[in-house]
Amino acid sequence: MKILIPIKRVNDYNVKVRPNQANTDVDLSNVKMAVNPFCEIALEEAIRLKEGGNATEIIAVSVGDEKNQEQLRTALALGADRAILVKTDKALQPLDVSKVLVKVYEKESPNLVIMGKVGIDGDHNQTGQMFSALTNLPQITFASKVELNGNDVEVTREIDGGLETLSSSLPAVITTDLRLNEPRYASLPNIMKAKRKPLEELTVEELGVEVKPTVTTLKVESPPEREEGVKVENVDVLVEKLKNEAKVI
Amino acid sequence: MTKILVLAEHDNNSLSGATLSVTKAAEMLGDEIDLICTTSNISNLEAEISTLTSVKKVHVFEDKIFENEIAENTVDCLIAVSDDYDYFLASSSTSGKNIMPRFAGLMDIQQISEVIEVVDGSTFKKPIYAGACIATVKTEQSRNVLTIRTTSFDKTSTDGGSAEFVKHDLPANNTNKPTFVKNELTVSDRPELTSADIVVSGGRGMQNSDNFKLLEGIATKLNAAIGASRAAVDSGFAPNDYQVGQTGKSVAPNLYVAVGISGAIQHLAGMKDSKTIVAINKDEEAPIFKVADYGLVADLFEALPELESKL
Ligand SMILES: Cc1cc2nc3c(=O)[nH]c(=O)nc-3n(C[C@H](O)[C@H](O)[C@H](O)COP(=O)(O)OP(=O)(O)OC[C@H]3O[C@@H](n4cnc5c(N)ncnc54)[C@H](O)[C@@H]3O)c2cc1C
């Protein structure tokens with residue numbers, strides 16, 4: 001069984017990203033970049049399925065510029081068998097990415113596609129659902145537990161009201177939530193080995209996908225700052241302020 | 001004429017408050033507003049939907065397949081009635097997030113997620129990077145799919161309307177889809193987290209699930225919902241649907257009380273639009289104090305019982 005894992009290059013989640021001087025975009029010039037945490041979780045799940053004897057090959061795929069090689073090498077160090085970079089220098093939207101992933105899916109015919117539910121940069125939460133729609137594969141989003149039984153998969157999802165369990169035959173698309181697993185770190189020997197694992201490069205044009213910037217960013221600003229509040233000495237003062245100053249209780 | 005279709009969100013018994021806020025956002029785009037309601041029992045919802053003043057028509061798809069939400073089923077219905085509409089709106093609940101991008105993908109529309117402000121018919125504001133920045137985006141598409149962050153919009157008028165209910169047959173499609181197995185829904189007598197006036201949230205500082213119950217007495221006295229940080233949910237102190245933040249729920253109550261929560265940016269993303277914020281934390285350097293209107297530097301195990309007794 002083959003598993004396809006899309007990998008997105010984003011800011012490290014510990015970094016607070018700020019607008020650039022001109023307020024036209026975010027300023028990523030000195031920001032440490034990493035694999036999107038939700039994609040790491042997707043990859044970890046695939047590695048566990050492989051370690052459990054349920055998968056034979058894990059393919060990591062990124063869409064974007066040359067720099068995405070870094071994140072694909074990380075994926076290879078963590079346990080992906082090979083990687084594909086579909087190159088473009090254009091700004092991509094989730095719809096573009098999902099169309100590119102459809103082409104990669106058609107080329108590779110994996111049995112399972114696991115992807116992060118959201119990128120922590122754009123906060124779109126769209127690509128998995130769009131990809132599932134365009135491939136007509138069953139869609140299971142926000143997974144917190146994945147169980148494979150032969151050609152079926154049973155998935156617990158985190159929803160606003162609690163948990164829901166769905167089951168599906170394969171192939172299927174699963175998007176990951178935070179509590180699915182805790183990703184491992186790459187070991188030094190594995191980082192060295194990853195340098196020799198295959199990383200194929202294609203272009204968006206070769207795959208015949210037209211990137212269309214249909215939604216453009218006009219402005220990026222910091223949110224309105226909250227006014228710095230006060231420290232209260234004790235519970236009595238707190239209760240008094242909530243009653244008489246804020247008037248919220 | 002600009003026509004807008006709003007996805008009615010509900011649990012087959014009552015309409016979600018989210019739909020009232022999404023309808024309000026729709027009113028900023030035009031006045032031809034229709035709803036689509038996929039349900040196993042329209043009679044449970046009809047009276048409530050009829051109170052929405054600005055809604056003209058309700059597309060009803062009634063079938064037992066809608067007892068539980070399968071995105072594919074809802075999207076097939078959305079597609080079936082999509083022809084006339086310029087905008088398609090749902091909330092950025094887990095339902096809206098599950099359904100709308102799938103629909104947008106099939107319609108070849110780039111969705112705009114988590115809209116917090118309608119600037120004009122083609123310009124919207126949305127948070128990015130866990131709310132560290134606000135982007136103003138412009139669409140060049142003639143038809144658009146939006147999900148709405150409901151805490152940023154008021155609720156529409158429910159003084160009574162004259163919506164016409166139009167029943168449709170289920171569309172016949174060959175969509176591959178998963179099947180429903182089971183639900184484990186959290187039952188609670190407290191107000192719903194995203195619409196509560198007051199939210200009391202606990203973090204890793206609560207130490208364990210027994211201690212987490214210290215929040216209950218306070219929540220009861222204040223008629224508050226209980227929330228949690230990711231660390232508290234991951235550690236099993238609280239169920240997943242309590243999580244507030246970038247990957248959990250967005251809340252904006254009148255009063256948010258953060259207890260034993262450090263204030264990571266991913267947590268702030270879900271609560272910093274609250275009107276008044278209180279932080280109780282023993283570390284005076286904790287970042288939560290930067291957004292708190294009232295900060296109490298104290299051991300929560302002393303502060304909480306005292307607070308409960310003085311409310
Ligand atoms: C992709 C991603 C998404 C995330 N999404 C979310 C999200 O949606 N929501 C979310 O909350 N987090 C989210 N996180 C996690 C976030 O980064 C933090 O790790 C998390 O919010 C920390 O939770 P906490 O404040 O409870 O724990 P900690 O950071 O450990 O803070 C505990 C606090 O309790 C205080 N404390 C301890 N004992 C006491 C005591 N006796 N009395 C008083 N105070 C005490 C400490 O001083 C400390 O400030 C996400 C992270 C990632 C990477």
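## Contacts of A:Ile7 and A:Ser62

When neighbours within four places in sequence are left aside, A:Ile7 is in contact with A:Val35, A:Cys39, A:Ala60, A:Val61, A:Ser62, A:Gln71, A:Leu72 and A:Ala75, where contact means heavy atoms within 4.5 Å. This is a predicted model, in which local features need pLDDT of at least 70 and side-chain atom pairs count only at pLDDT 80 or more, while totals for chains, interfaces and linings use all residues. Residues are numbered from 1 along each chain as its sequence is written, chains are lettered from A and ligands numbered from 1 in the order in which they are written, and side-chain values use heavy atoms, with hydrogens and water left out.

One of these partners, A:Ser62, has its place in strand 6 (residues 57-64) of chain A; helices (H or I, at least four residues) and strands (E, at least two) are DSSP runs, numbered from the N terminus. A:Ser62 counts as buried because its relative accessibility is 1%, and buried means under 20% relative accessible area, exposed over 50% and partly exposed in between, with a 1.4 Å probe and protein chains only. Again leaving aside neighbours within four places in sequence, A:Ser62 is in contact with A:Ile7, A:Asn68, A:Leu72, A:Ile84, A:Leu85 and A:Val86.

## Nonpolar cores

A nonpolar core is a set of buried Ala, Val, Leu, Ile, Met, Phe, Trp, Tyr and Cys residues joined through side-chain atoms within 4.5 Å. The largest one has 43 residues, and those with the most contacts inside it are A:Ile3, A:Ile5, A:Ile7, A:Leu43, A:Ile114 and A:Ile174. Helix 1 (residues 37-51) of chain A gives the largest share of this core, eight residues. Apart from it lies another core, of 39 residues, which includes B:Ala26, B:Ile42, B:Phe124 and B:Phe153.

## Chain A and a pair of its helices

Chain A has six helices and 15 strands, and buried residues make up 55% of its 249 residues. Among contacts in chain A between residues at least 6 apart in sequence, 69% join residues at least 24 apart.

Helix 3 (residues 94-108) and helix 4 (residues 127-135) of chain A pack at an angle of about 50 degrees, with their axes 9 Å apart; axes are lines fitted to C-alpha atoms, for helices over the stretch in contact, and angles run from 0 to 180 degrees between N-to-C directions. Helix 3 and helix 4 of chain A are therefore oblique to each other, since angles under 35 degrees count as roughly parallel, over 145 as roughly antiparallel, 65 to 115 as roughly perpendicular and the rest as oblique. Among the residues that meet are A:Leu101 and A:Tyr105 in helix 3 of chain A, and A:Met130 and A:Phe131 in helix 4 of chain A.

## Helix 6 and helix 10 of chain B

In chain B, the axes of helix 6 (residues 214-222) and helix 10 (residues 300-310) come within 9 Å and cross at roughly 25 degrees, which means that helix 6 of chain B is roughly parallel to helix 10 of chain B.

Within helix 6 of chain B, the buried residues are B:Leu215, B:Gly217, B:Ile218, B:Ala219 and B:Leu222. These buried residues pack against strand 12 (198-202), helix 5 (209-212), strand 13 (225-228), strand 14 (255-259) and helix 10 of chain B. Just after helix 6 of chain B, B:Asn223 takes a positive phi of about 50 degrees.
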